[in-house]
Structure formats: structure tokens, C-alpha cells
Amino acid sequence: MKIPRLLLILPLACFTFLPEAKAQLHGGVSAVDITPKVWPVRLVGSFTPHKVDSAHDPLYARAMVISSDKVDVAICVVDNCLIDRKLLDQAKEIVWKKTGIPVKKQLISTTHTHSAPPGRLYDDLSKEELAYQEQLVEGIAEAIINASKAKEPVEVGFGKTELPDEVNNRRWFLNEGMMPVNPFGDPNDQVKMNPSRSPGVLKKVAGPVDPEFAVLMLRDGKKRPLGVLANYALHYVGNVPGRQVSADYFGEFARLMPVRLPNESEKFMAMMSNGTSGDINNIRFTNPRPRREPFEQIRIVASKAADAAYFAMRDIENFSGDDTKLDMRERKIKLDRRKPTDEQVERARAILKMSEDEQKKLPRLATNYAERTLKFIEKPEQYEVKIQT
């Protein structure tokens, strides 16, 4: 059986099944609506967050629980941008107490939609945002608990295809004289993220993309699709109408999948995790596409992703049900933080002392970078990261 890469971010993980003695797999899926119940909340994902009071489409926590030989593992994908580990640990603790699934056997990631309320523990959270974070923790836990309760005999299969049309590297080498001064005031960058698409600017792309579209599929005892976890290395798409809460193309993909699979179980649920997409977005820097109305491009990308998932699932040749061993492992590693230079810190302090008129003459985002530079020097020298497999 060929096992494709299946990478999730926040945190990074891969999912592997190993042949062993007979042990019937059981699996269950669940989705819980986590759209804010109280408003307004700020939308994260931009340098200048703004408050909103409505949702264009619902946010969900979607979960899949799989069990084999007394081992239970849970995967949950959440429609949010970034969630602090403290909140995830609270959800995992609730799950452990209600289901017995160990904290180390639970993997939770976010889709990284840029149109969701804050999952980070900011210092200035409003009472509405604090209420949302309570709802977020409860919703994540509920999704995993419900998936655990819904377990039934299943088979699991892996599939993959490629969807290269919608992934573009956003970092470019520019022609001589085209590199703008960066927000730190340095004109000597080697590459530019999201550069101008004007004629004569772009020289060559600075790196590759990952076009793989991978799926992990559960099917029930009647051979019907019960759940699918897809993975695609594409950042959010954006352009949500009216600055509203939205799950972006991840949510639209989940909505479309039952249409692609008319013979699915009545319990069927689809979810998509965000792959290794740090330098990848949906902007065409050469041969730009026509203008789209709000949400149109999200629908287009989601539709192509649903098609890719359908073909990847259709072509799965081998399913495992009673001959697999299932496990999840985790460990913690420490990474050194990159620190701003003394010159950058000095410049940041000088910028924040300037008048508003003086700041307007600086490179774009200079003030935002200055604020973040001073916050960054207060952070510890190392950062602890969980790796889950």
C-alpha cells in the first residue's frame, strides 16, 4: 500500500497505519458549529484587525476518532486562524475526562482562515471575544466527544492526486531596481513577498509549491464513505463579502463533498487541513485571473478541491479494517527564536515616537513592524513546539 504524505500544520503531523495482528478498526465523525453566539468580535489575520457582527457562513470544529486494539486517536480541524495551546489543552483535558482518549492521542489543527475571531490569548480581549473562546474550547471538545460516541466498524484508505492550478509561490526575485524598501527600512531584500504584478517587476519565482492533494478516507460496513480528511497546501483564499466571519474555502469544501458522494453514509463528514503553505497562496503573479465578486474565488477553489478529493477517493485501491495497528506519538522540541537586531530595535522605538504625519512617509507597515519588533524582544529565547505523528 502506498502511503502519501499527509501533513497538517499547527502542529505539524503525519498519520500512519502499520500492519499487525487482527484488530477491527472503529471510527466516528462529528462537526460542531462554533460560529460566535455573541457579537462584535474582531477578525484576525490582518495587521489592522477590525470588529464584525455577522457571519457569511458558519465556522465548525470537525473531528474524526479512530480506534484499534484499545488505542483511540482523535483528529480535529478547526475553522480558525491560530489557537493558543492553552485553549487546545483545555479542550483536550475535557475530551480525556469524558472519553478516556489521552491528551497525547489528540491532534488539533486550524485551517488558518483569515476571517475568524481570535483564538489567541491577546491582552485586550473583549468580553464578547472571551465568551467566544469559551465557546471555542467547548465546541472542539464536543466535536471529538461526539465523534467518539459515534464510532462504528470502519475501513480506512489513503489516496492522493494533484491540484496544481490554485497553488502559487508568493515570494519572487525582482528585476534590478524594482525591490522596494522593506518595513524595517532595508532596501536590500533578496526576494519580495506578494510583489507588484506590474510589467517589468518580476524576475523569477523564489521557490516551489506543493500541488499534492491527499485524503484519508473512512468507509462504513456498507462500503459507504463515512468521513474524509483532506490536506492541501494552500493558504486561505479570502475576499469574503462585507468583512464577515467565514470558514473560507475549507468550509465550502466540506459543504460540497456530500454532493460529490451521493452514496455516502447519512453520518458523512468532510474536513480539510491546511498543509505546508507558508509561502503558498492563491494569487496568480503571472497571467492574473479576471476580477471576482466577493466569495466567488472561494467557491471556485473549493469546487476544484472537492473534485480532487472525489478522484483521490475513487482511486483508492486498498482499504484496511482488521489488519492495522493505530497509534499517535508526540514529543516536544525547543526552537531558538530569531531576534531583531539592535539597529531594528532602535529604529522601531524611533518610529513609534514619530508624529502621524511622519509615519505616513515611511514604508508600508513600518509602524506595525515597529510595534511587533518591540513585543518580540520581550519573548523568551526559545519556543517549545509539539511534534505529533
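**Exercise 1. What percentage of the contacts in the protein with a separation of 6 or more comes from residues 24 or more positions apart?**

Solution. The model under study is predicted. Among contacts with a separation of 6 or more, 80% join residues 24 or more positions apart.

**Exercise 2. Compare the radius of gyration of the protein with that of a compact globule.**

Solution. Step three: along the principal axes, the C-alpha atoms occupy a box of roughly 70 × 45 × 40 Å. Of the 389 residues, 49% are buried.

**Exercise 3. Check the span of helix H3 and locate its kink.**

Solution. Step one: H3 covers residues 248–260, which makes 13 residues. Step two: the expected span is 1.5 Å times one less than the number of residues, so 18 Å should separate the ends of H3. Step three: the end C-alpha atoms lie 19 Å apart, in agreement with this value. Step four: H3 has a kink of about 25° at Ala254, shortly before the proline Pro258.

**Exercise 4. Determine how far H3 is covered and what its buried residues pack against.**

Solution. Step one: a residue counts as buried under 20% relative accessible area. Step two: 10 of the 13 residues in H3 are buried, so the helix is mostly covered. Step three: among them are Tyr249, Phe250, Phe253, Leu256 and Met257, as well as Ala254, where the kink lies. Step four: the packing partners of the buried residues are strands S5 (60–68), S14 (212–219), S15 (225–232) and S16 (269–274), together with helix H4 (296–314).

Note on methods:
Residues numbered from 1 in each chain as written. Predicted model: local features only at pLDDT ≥ 70, side-chain atom pairs only at ≥ 80, totals over all residues. Heavy atoms only, no water. Helix = DSSP H or I, 4+ residues; strand = E, 2+ residues; numbered from the N terminus. Bend = angle between axes of the 7 residues up to and from the residue. Buried < 20%, exposed > 50% of the residue type's maximum accessible area, 1.4 Å probe, protein only. Contact = heavy atoms within 4.5 Å. Rg over C-alpha atoms; globule rule 2.2 N^0.38 Å.
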